[in-house]
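Subject: Structure handover

Hi,

Here is the structure we talked about. Please open it next to this email, as my notes follow below.

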Amino acid sequence: MALSGNKGEWSEIFALFRLLGEGKVHAGDADMRKLEVYYPILSIIREESERYEYRPNVERNVVLIDADGREFDRIPMDRFMEESSKLLENIKSAKGASFSVPSTESFMRTIRCEKLKAPSGDKADIHIVIHDLRTNMTPLLGFSIKSQLGTPSTLLNAGNTTNITYRIEGCRLSDDDISEINAIGDHLSRMQAIIDRGGHLDYHDIEHGTFKNNLLFLDCCMPRFIAECLLVDSMPGSASTIKDAVAKVAKANPFGFTGGNVEAFYAHKMKVLLLDSALGMTPAKEWTGRYDANGGYLVIRKDGEIVCYHFYNRNDVEDYLYNNTRFERASRSRYGFGSLYKVGSEVFVKLNLQIRFKK
């Protein structure tokens, strides 16, 4: 049966081919521009039906090693570059949610690459042994791959686990008021209807206990901070980019920070959340601070260039995530998003946290 996948899944194969063809990867800045700094690639590890290793060498060949450490082929690096270029064009021109690329699949069989995607649940999409020229270290690192060739991917996925509840204060809403507001289809219009009745939203709780504990693990202020940022995105005149939302929260300064750079205080909190979400933390699983993607991020740009955000350069990774993410609102029909409900005499509303890359 032919392999079939979406643009993001085929992008993982493109990254494998392109990295082996170039034998190195350049660092990127916060705007995804390539820097002069680069990391030589000593090998790439793939877990297929068994473990395979691909080693670029100084003769510009890629040596293919099986699970027993035996060489079973060597292929010119230029061939990997050719195959990556052909695959790039196929990805760009593909129609539909899922598609096959027979010519690429044929080459994949040659190098014993049997599947498109890393195992689900693993934040690392590719495992690379790099040579860090500054530290002279050669660690095996897991990298998460983000591709601009398809639909922007999520950083933090929505679910019932990411609901945040708010109490509606400042007004008394009757059952008829609640029904009338819930009947409004547009989310921002519903929020405006609450404001028009003199109401405002106050953070109440993170609905899912594990996610709340994970946020507390990062920072004892994190639950309320994230709730304040999400609230900014959920009001009329909202700013959906992460950076803009944080700037508005910083202006309100809900934690009363009196240092010299208030915005940096709040930006740091958001960067902690983004980084841990990028490299391992998920809402429904208890977080212990251990990164799956311990190398960082590889970003495939629209032009096919790949830039690296190495975790050793933590500030670069954080700036990339901070500058390139936004909030995304859930569907009205899912997770109870935006619906008002009563508990006793109090009225609450659920908002849902989801973070997606801008491009």
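Start with helices α2 (residues 77-93) and α3 (residues 102-110). Their axes come within 10 Å and cross at roughly 150°. Angles over 145 degrees count as roughly antiparallel, so α2 and α3 are roughly antiparallel to each other. The crossing of α2 past α3 is left-handed. On the α2 side, Arg79, Phe80, Glu83 and Leu87 make the contact; on the α3 side, Ser103, Thr104 and Phe107 do. Sorted by class, the contact of α2 with α3 has 3 nonpolar, 2 polar and 2 charged residues. Keep in mind that this is a predicted model.

Helix α3 has another partner. The axis of α1 (residues 7-22) comes within 12 Å of the α3 axis, and the two cross at roughly 55°. That angle makes α1 oblique to α3. Here too the crossing is left-handed, with α1 passing α3. Which residues meet? Trp10, Ile13 and Phe17 come from α1, and Thr104, Phe107 and Met108 from α3. This contact of α1 with α3 divides into 5 nonpolar residues, 1 polar and no charged.

Now the loop between α2 and α3. Ala97 sits there. Is Ala97 buried or exposed? Its relative accessibility is 66%, so Ala97 counts as exposed. Setting aside neighbours within four places in sequence, Ala97 is in contact with Gly5 and Asn6. Cys113 is 16 residues from Ala97 in sequence, and their C-alpha atoms are 22 Å apart.

Next, Gly28. This residue lies in strand β1 (residues 24-28). Gly28 has a relative accessible area of 1%, so Gly28 is buried. Beyond neighbours within four places in sequence, the contacts of Gly28 are Arg33, Leu35, Val307, Cys308 and Tyr309. Tyr320 is 292 residues from Gly28 in sequence, yet C-alpha to C-alpha the distance is 8.6 Å.

On to charges. Side chains of opposite charge can pair when their charged atoms come close. How many salt bridges are there? The count comes to 28.

One of the pairs is Arg356 with Glu328, where the closest N and O atoms are 2.8 Å apart. Arg356 has 16% relative accessibility, so Arg356 counts as buried. Elsewhere, salt bridges that share partners join Asp29, Asp31 and Arg33 into one network. Arg33 is also among the contacts of Gly28.

Arg70 deserves a look as well. Its side chain meets that of Asp66 in a salt bridge, at 3.6 Å from N to O. Arg70 also forms a salt bridge with Asp68, with the closest N and O atoms 3.1 Å apart. The surroundings of these residues can be compared. Asp68 and Arg70 are both exposed. Asp66 has 11% relative accessibility, and buried means under 20%, so Asp66 counts as buried.

That is what I have for now. Send me any questions.

Best wishes

Terms used. Residues numbered from 1 in each chain as written. Predicted model: local features only at pLDDT ≥ 70, side-chain atom pairs only at ≥ 80, totals over all residues. Heavy atoms only, no water. Salt bridge = Lys/Arg side-chain N within 4 Å of Asp/Glu carboxyl O. Buried < 20%, exposed > 50% of the residue type's maximum accessible area, 1.4 Å probe, protein only. Axes fitted to C-alpha atoms, helices over the stretch in contact; angles between N-to-C directions. Helix = DSSP H or I, 4+ residues; strand = E, 2+ residues; numbered from the N terminus. Parallel < 35°, antiparallel > 145°, perpendicular 65-115°, else oblique. Left-handed = near helix turned anticlockwise from the far one by under 90°. Contact = heavy atoms within 4.5 Å. Nonpolar A, V, L, I, M, F, W, Y, C, P; charged D, E, K, R; others polar.
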